[in-house]
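This report describes some parts of a protein model, one at a time. Please look at the sequence and the structure below before reading on.

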Amino acid sequence: MIFGEYSGRISARSAQILNQRVLLDGRDLPGGIDELTQAPVLSTINWSIAATERRYFPHGNMSVFLFNRQLRARDEWSVPGQIPIGAATGFTLDIKAHLPGLPLSRYPWGVLACAFEARTDAPVEIWGLDHLGEEVPGSRVALAAGGPAAVFGPGVFALQAAGEMSIDRLSVFTLRDKDVARHEFALRAEVGPAYTPDPPAGGWRYEDQSYLGETALSPARALAYRLLADELARASAGGPQPVHPPVTAYLDASVHRRRPEEIWCRLKPMELVRLMADNIEKVVQQPYWTHRKMLGGSDYVEVPVGQLMQVLAMTGPVEATCLGQAVTLPIPSSPPIFEANAEIARFMLERGVAPFPVHVISADFFDAVSGQVAKEFAITGLDLPIQGGLVRLARQGQPGTAPSVLDGPASAPVELVVGKGASGSTFFLAKGEHPDDVIKTPEGAEAGLPKAFLALEPEPGPANPLGETRLDLGSFDLPPDAPAMRQLGAFPRDRFGRWALGEAVPVVLDPWPVGKPEMISARVSYPPDGSVVAQLRLSWNGRFRTLKEIRVASNILELPPLTAAEAKAEDREQQPFPMPMSGYGAFEVDPQGRPSFPHGNPLGLTVNLLSSAVPEIRTYDVFVPLGQAVDIFGKLTSPDNHLVMQFQADAQEAISGERWSQPPLPLVHCTLDDPRPPTLAPEPWRLTWSSLPNAVTGESRAMLRLPRPAGGPPPAGFLVWRAQETAVADLVLRFLVSEGRLEPGTEAAVLRKLRSETGLRARLGLLQPLMETALRRAEFVAAFIDLFGANDVQLVPPGADAVEVVLPASQSGFEFFLFTAMSKARVWSAKDPKSLMRIVAVPERQPRLTPDLRIFTSDDTKLLELTGHCLAMVSYPTAFAAESVRFYWDATPGRIDSNELLFRIEPVQELTRGGVEATYLSGLSGLLGDGDALEHRRFFLLKRPNDAAVQHFAVDLRSPGTQPLEEVPTRRSTIQSHHFG
């Protein structure tokens with residue numbers, strides 16, 4: 001192919017302008033170039049080039065060719081019937097599928113234009129898709145209703161709509177491959193950039209440009225022709241008569257009718273242009289070459305020179321012309337000029353021809369991979385004049401800029417969002433209706449002139465997920481107290497210098513957000529009167545705004561214990577709650593930050609202003625009374641739950657009007673601990689006998705039942721305290737002497753008398769009244785409690801029924817025991833000798849014989865195993881009552897002594913021997929045999945407490961009687977250990 005390979009990197013567009021044969025300032029037309037000045041129609045061609053890893057900037061001048069014939073519709077390229085586009089088709093129409101006679105696979109440039117009758121019940125947009133399914137730039141058409149419509153390429157392979165519609169009379173127009181191969185084109189210009197190296201270098205690769213047959217032109221001479229042509233086009237772009245374009249007189253004078261020579265004079269010395277001219281070899285051979293620009297010290301920035309030149313060329317028609325990316329050419333024929341899409345579509349459908357010229361742009365490019373020069377070409381697509389309504393909305397951006405002075409105005413950026421049809425256009429924007437409100441370039445060669453905002457469609461990303469085309473207008477001062485509307489002006493101009501009607505765009509500016517108090521900490525105190533007071537510490541940064549009022553809201557949450565998954569997840573206590581409309585506390589502050597309550601203080605808050613080293617920072621302690629602990633913690637629905645106190649605060653500023661801080665509000669929390677100790681139910685004093693002394697260990701053991709909770713927080717553990725009889729009796733007697741109830745010097749004799757009483761119940765009967773008398777005095781209670789030391793430093797868990805205490809086998813008197821309980825908040829109950837005293841004594845002689853225990857773990861039908869039961873047979877030489885039998889159980893591995901079993905279990909039911917034989921063990925007699933000396937037996941059904949593999953059992957007998965020794969139980973039976981499961 002003469003033009004080389006078709007390029008997807010070159011995007012070329014063209015515009016048709018009726019030649020009015022006038023210049024911008026009314027000067028006379030120069031002579032000698034009649035083909036340009038006398039042509040009825042001008043065509044401006046504008047192109048941009050994208051970089052790839054292999055190729056980028058042209059190796060030499062761009063050649064512009066004109067196709068010598070008109071594009072015509074062919075019968076095999078038309079569909080007379082109706083084609084639906086909707087959800088069933090993916091809102092897409094595949095052109096090749098409906099036109100089998102169109103060999104699109106041989107046309108890499110696809111369809112150049114297609115015309116059709118649109119059928120739609122609602123406004124809809126339609127556009128072209130390229131061979132990758134991406135939208136073709138410049139192809140989008142907005143349809144307000146049905147009627148003729150045209151979509152312009154090149155590169156169109158399919159159509160896509162934004163809603164349900166259908167198409168009638170589809171006709172497509174394009175170049176055939178043989179049209180390109182025959183080279184039915186006329187060379188019209190060879191275009192290169194007008195800049196040259198400084199100082200000039202020999203062999204400048206963009207020398208020998210041409211224009212309308214004038215060849216071997218220097219870049220400056222060629223630019224003169226192109227600028228004249230561009231000026232003719234822009235002077236005629238206002239309409240069929242030489243009138244001002246549809247913009248303000250200010251923009252008309254300062255932008256539209258600005259002399260092109262003036263623009264080039266300002267453009268030429270720009271640093272970016274100079275970098276491009278002086279480094280053109282690097283840009284041509286290295287597609288992504290960058291210039292390292294030093295910023296001071298070791299800081300620098302990498303400047304992608306070639307890519308930024310593309311952006312600069314898109315800011316205006318003169319810029320594109322000077323930088324070698326646009327040219328205006330005369331059209332020898334007189335094609336009709338259309339401004340509306342429907343008009344040109346109707347013409348194409350009725351006449352069967354495309355009323356616009358087709359140009360080919362061709363150039364050589366250096367291939368960085370092969371090291372060779374390759375030729376590429378592109379085909380122009382038609383751009384109609386842009387219409388109004390390109391601005392979709394204006395909105396306040398984020399983040400804003402804080403006030404520079406106290407209570408001064410804040411500012412925030414404002415951005416315009418424009419539609420996809422505006423891509424590639426430039427906008428001149430105004431912050432108001434006055435000409436001076438037009439936004440101007442702040443610095444550089446264009447300083448003080450209206451600033452051109454280029455509408456480039458970005459790729460969707462995290463900061464712009466919809467891929468919106470946004471124009472940043474800069475910062476606007478925000479209103480102080482309420483939203484305010486501003487009218488903006490938007491004046492769009494396409495890349496060819498044609499203007500659309502200016503648009504008045506409203507934008508609502510929201511005030512600077514009201515500041516939020518900083519929540520520093522929260523904690524809870526518990527005064528002695530049983531109340532609970534929360535203390536919140538917060539601060540206000542008064543650097544930007546003067547504080548007027550702060551509101552504090554609180555919330556008490558009841559939370560269950562954390563699961564393992566919740567413990568790894570976000571803290572539940574940090575979840576915010578809505579600021580209540582009532583029930584909060586509020587206080588105002590004066591200019592010095594002093595708090596007051598001009599509207600009352602129903603919650604009884606106390607607010608203290610703290611001193612600060614930073615004058616702008618005001619810190620406050622806010623005390624919030626919560627009520628009595630008994631009322632707060634009495635509402636817990638489960639003893640395992642806990643309470644959390646949450647605080648939120650918002651504020652109102654002196655100039656913020658009725659506005660308050662916006663959510664999410666700052667949150668701080670703290671845990672509420674129940675300050676009350678556990679309450680234990682009082683019990684009368686009672687004597688407990690220990691087990692008989694163990695001859696091997698020299699110890700006696702006693703099981704003491706734990707006290708019962710009687711209110712307050714549940715116990716999280718118990719401690720047992722003990723004191724000996726000698727110390728207790730000595731303290732009691734010395735106290736009675738001090739109180740005058742006992743003669744001094746008689747304490748030892750009274751103590752010997754007590755110790756000489758061998759009957760332990762009698763001895764307790766003598767000692768207890770003396771103790772009760774002394775315990776009525778507070779000073780004795782304190783000394784009495786000090787006698788008790790901890791029996792064990794390990795806490796007794798609350799789930800235990802009893803605790804075992806160990807006494808020496810030689811113990812001849814009493815051991816006194818007290819209990820204290822700890823709450824989950826580690827608050828301990830007091831030692832209370834008046835109501836929680838346990839007294840333990842060791843029996844003086846050996847008891848009766850030892851009972852025998854036999855455990856049956858299986859029965860005839862395996863019923864015992866299936867239900868977790870077992871049978872117990874208790875034997876003794878003499879008759880005994882069922883009520884005297886006490887069973888002991890434990891599942892702790894390694895138990896070998898029956899006295900080591902810590903737990904009591906109650907039998908399910910006593911059974912008769914006959915009942916056992918009938919229901920469970922029919923061969924019981926054979927199991928028992930003859931000659932058993934322990935002829936008195938009782939049978940019991942036991943339920944195993946758990947499913948442990950090894951479980952231990954034992955039994956003793958205790959007969960109620962009138963003498964202390966009769967109350968002493970028998971020794972425990974031999975331990976019975978059994979395997980289950």
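Predicted model: local features only at pLDDT ≥ 70, side-chain atom pairs only at ≥ 80, totals over all residues.

The crossing of the two helices is left-handed.

Which residues of α14 and α16 meet? On the α14 side they are Glu725, Val728, Ala729, Val732, Leu733, Phe735 and Leu736. On the α16 side they are Arg763, Leu767, Leu770, Met771 and Ala774.

Strand β37 covers residues 667-672. Five of its six residues are buried, so β37 is largely enclosed by the rest of the structure. The partner of β37 is strand β36 (residues 642-653), which runs antiparallel to it and is joined to it by six bridges. Across this pair, Gln646 stands opposite His669 of β37.

Glu549 stands opposite Glu588 in β32.

Lys548 also lies in β31. Is Lys548 buried, partly exposed or exposed? Its relative accessible area is 33%, so Lys548 is partly exposed: buried would mean under 20%, and exposed over 50%. Leaving aside neighbours within four places in sequence, Lys548 is in contact with Phe587, Glu588 and Val589, and also with Gln652, Glu653 and Ala654. The C-alpha atoms of Lys548 and Ala651 are separated by 7.5 Å, although these residues are 103 residues apart along the chain.

## A four-strand sheet

Another open sheet has four strands in the order β6-β11-β8-β9, again with antiparallel pairing. Its edge strands, β6 (92-94) and β9 (141-143), each pair on one side only. On average, neighbouring strands of this sheet are turned by 20° against each other, with direction ignored.

Within the sheet, strand β8 (residues 124-129) and strand β11 (residues 158-161) pair in the antiparallel sense over four bridges. Ile126 has Ala161 in β11 as its bridge partner.

The largest nonpolar core has 59 residues. Those with the most contacts inside it are Leu36, Trp47, Phe57, Tyr195, Tyr211 and Val327. Helix α4 supplies the largest share of this core, eight residues. Apart from it lies another core, of 58 residues, including Leu93, Ile126, Leu382 and Leu384.

What does Leu36 touch, leaving aside its neighbours within four places in sequence? Leu36 is in contact with Asn19, Leu42, Tyr211, Leu212, Leu228, Ala229, Leu232 and Pro330.

Asp230 has its place in helix α4 (residues 219-235). With a relative accessibility of 2%, Asp230 counts as buried. Not counting residues up to four places away in sequence, Asp230 touches Pro317, Val318, Thr321 and Thr328.

How values were computed:
Residues numbered from 1 in each chain as written. Heavy atoms only, no water. Buried < 20%, exposed > 50% of the residue type's maximum accessible area, 1.4 Å probe, protein only. Pairing = 2+ DSSP bridges. Contact = heavy atoms within 4.5 Å. Core = buried A, V, L, I, M, F, W, Y, C linked by side-chain atoms within 4.5 Å. Left-handed = near helix turned anticlockwise from the far one by under 90°. Axes fitted to C-alpha atoms, helices over the stretch in contact; angles between N-to-C directions.
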